[in-house]
Amino acid sequence: MPEPRLTPEVFDHAVVAIALTAGPEHRMVYYNEAFRELFGDRPLGAPAREAFTEPGTERLLATLDAVLADGTARQVTAHRTLACPAGTPAHRHFVYSCSPAATRHGPGILAAAIDTTAELHSALEAERQSAERLEALQRYEALMAAAAQMVWVARADGTVSELVPGWEELTGQPLPDDAADRDRWLDVVHPQDRAEAAARWAAAARDLPPVFDHTMRVRSVAGGYRHIRSRAVPILREGRGPEWIGTTADIEDQWRGRLRERLLARAGAVTEAERAEDAFAALAATLVPDLTDVCAVYLLPGPDAADGGVVATRIASVARPGLPPLPPLNRQTFTLGERARQAVTDRTPTVLDITDGAVPGGAVPEISARWLYETRATSLTLLPIVVDGAVVALAATAGCEGAPPPAPADIDLQHEVLQRAQAPLRQALALQRARHAAVVLQRAMLTTPPALGGAAFAARYQPGSRNAEVGGDWYDAFTLPDGSLAMTIGDVAGHDLAAATTMGQLRAMLRSIAYTRGQAHTPADTLRELDTAAEGLGVGSFATAVHARLVRHGADGGWEMEWANAGHPPPVLLPADGPPRLLSAEDADVPLCVDPGRPRVTHRHPIGPGDTLLLYTDGLVEVPGEHLGDGIARLCETAARARHLPLPALCEHLVAAVADIRDDIAVIAFRPDPPRSGPPRSEPPRSGPLRAGAARRANRGGRP
């Protein structure tokens, strides 16, 4: 029976590449679509050696010869470089299965080509990974043999075993080897690091990151705390919870070296500041939170003449995030106690233990001691700050919320950092001394209003908290030769020594002009002459002012006021009864030093018995971003509600009502006595507002 011939068309839609050859030259008589997609078009009828000319086909051609010769099916593997769709050559690996077949053209061979590239790559990758694991294991075994750090294994149940021991030698406590004590290792972790360390380890156990890496402080058996770094990787086994293999190293020396370099660089970068408060605050911030939880700086102006003690003033304080707000900087003063004086005298840091929250007396102001109690401070370190050979300030640092006392190395580093910023501190202190001299001069020029029968005076000056007490605001009141009263309120633009100097010059010139001219000389004439003199003498600086003259008239106790306004907020009149009113709110002339030749206007208005006249500077009413009229309206409402107060108390009340004193405030008040039966009496001299303020501060222990 003749052998059936193969009908190759049955392979047209096969997914495997099929080709059919016939005769001893293996002429191509058929190939399917899968073959064409894989190898491209081949010439039908051509011998295989002409149809397959690519490198790597020699083994395939030899296999075809062998199968045709003995009729035994064979397989052969070969790789080929094919053109990918994007035109980029790609190496592919194939298994060719060659079987004898009878064709209509005579004996032939059926060849099937199977792409095994992916399988081969997977096998090679597995082999490579196996080799890498073996190499890594060999390396790790060598590392463990020479390790200078602890190596440990943490099991899924929380127990730990040390492969290279050292934890107990460092901390004095063994690692937990019982599941019930798996969190015992946290006992030696620093209290402020404990919560984060537990949370990081719990997150790693849950999320299984490729590497766990964490730095924390642990209590050393030798005393104090040391920084350690733990790194671990999870080992996953099917059907079992993950284990961790890790290392722990004592990095205290490296950590402290890097910290010292960073903090000294930050302290050295403290820039020169116009205010000592800013310079010392920047310096204190270099210590927080890396070395301490809070740092406050107290300025030492020198011995107090009254009792021989040393009076310090808190001028800066910084606390780490998470602690309660610090007491406001109101320049609290206190007399240094024995331990604080000793730290200043010896110029060495002093550590004070805080037992049950009780801060030793005289270490810090009472308000700071209460804050330390609320934050559960455990120790207080006093560090003298020396500039140019003199102790100029005392820094106080503290650990809060149960933190252990600082180690000697911490104290030494704190002291070193505080001594680093010599240049900016020197500059800030020099500016402060100059500013203090200007303040003394400025306050000396703010004279006590005169004592005057039949009327009351009061004045108040409050320096702006943002401009270090130096500015261009002033007030003045004095009796003229004809018995009338001159009153002035003024404001020179600027908040610096130049503004204060110009203010003194303008005030002196105005006094002279007002005092030496006769009764016919109006307030407008006085301001015009002041403007002309300021321009001619080169004193000119943009300034505003209200200058008034008050004359008593009749026996009813009333006064007549005439005034001129050079661009200043309008006077406020509080009648004894009725709503407050602004005097010529829309009729202010141009400010001083703008156009000396422009005419000025004198206004007139009666001041009745019991009425209150208020002259003030814009610091009392101006709020950034708010229309000035809103602030003046607020002043009128506040003054109306407090009009029953004596004038000194009224001035204090108006200043205290300002929520945020950003600018200088000057205010002067005048009130004719209410009518009463009997002859008028002369009032005794009233103490000036500055002297009264000084007395009040003395009674409150120096607090402003």
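Colleague: How many salt bridges does the structure hold?
Modeller: The count rests on side-chain nitrogens of Lys or Arg lying within 4 Å of a carboxyl oxygen of Asp or Glu. In this predicted model, the number of salt bridges is 30.

Colleague: Which residue forms a salt bridge with Arg206?
Modeller: Arg206 has a relative accessible area of 59%, and because exposed means over 50%, Arg206 is exposed. The closest N and O atoms of its salt bridge are 3.2 Å apart, and the partner is Asp207.

Colleague: How many residues apart are Arg226 and Asp253, whose side chains meet in a salt bridge?
Modeller: The N to O distance of this salt bridge is 3.7 Å. Arg226 is partly exposed at a relative accessible area of 25%, whereas Asp253 is exposed at 60%. Arg226 belongs to strand 9 (residues 225-237) and Asp253 to helix 7 (residues 252-268), so that the pair links distant parts of the chain, and the separation is 27 residues.

Colleague: Which residues do salt bridges with shared partners join into one network?
Modeller: Side chains of opposite charge can pair when their charged atoms come close. Here salt bridges that share partners make up one network, and its members are Glu33, Arg36 and Asp41.

Colleague: Which residues touch the most other members of the largest nonpolar core?
Modeller: This core has 33 residues. Among the elements that each supply at least two of its residues are helix 7, helix 8 (276-285), strand 11 (294-299) and helix 12 (422-445). Phe280 touches, among others, Val297, Ile385 and Leu425, not counting residues up to four places away in sequence. The residues that touch the most other members are Phe280, Val297, Ile385 and Leu425.

Colleague: How many residues are in the second, separate core?
Modeller: The members of this second core include Ala312, Val359, Trp371 and Val391. The core is separate, and its residue count is 28.

Definitions and conventions: Residues are numbered from 1 along each chain as its sequence is written. This is a predicted model: local features need pLDDT of at least 70, side-chain atom pairs count only at pLDDT 80 or more; totals for chains, interfaces and linings use all residues. Side-chain values use heavy atoms; hydrogens and water are left out. Buried means under 20% relative accessible area, exposed over 50%, partly exposed in between (1.4 Å probe, protein chains only). Helices (H or I, at least four residues) and strands (E, at least two) are DSSP runs, numbered from the N terminus. A nonpolar core is a set of buried Ala, Val, Leu, Ile, Met, Phe, Trp, Tyr and Cys residues joined through side-chain atoms within 4.5 Å. Contact means heavy atoms within 4.5 Å.
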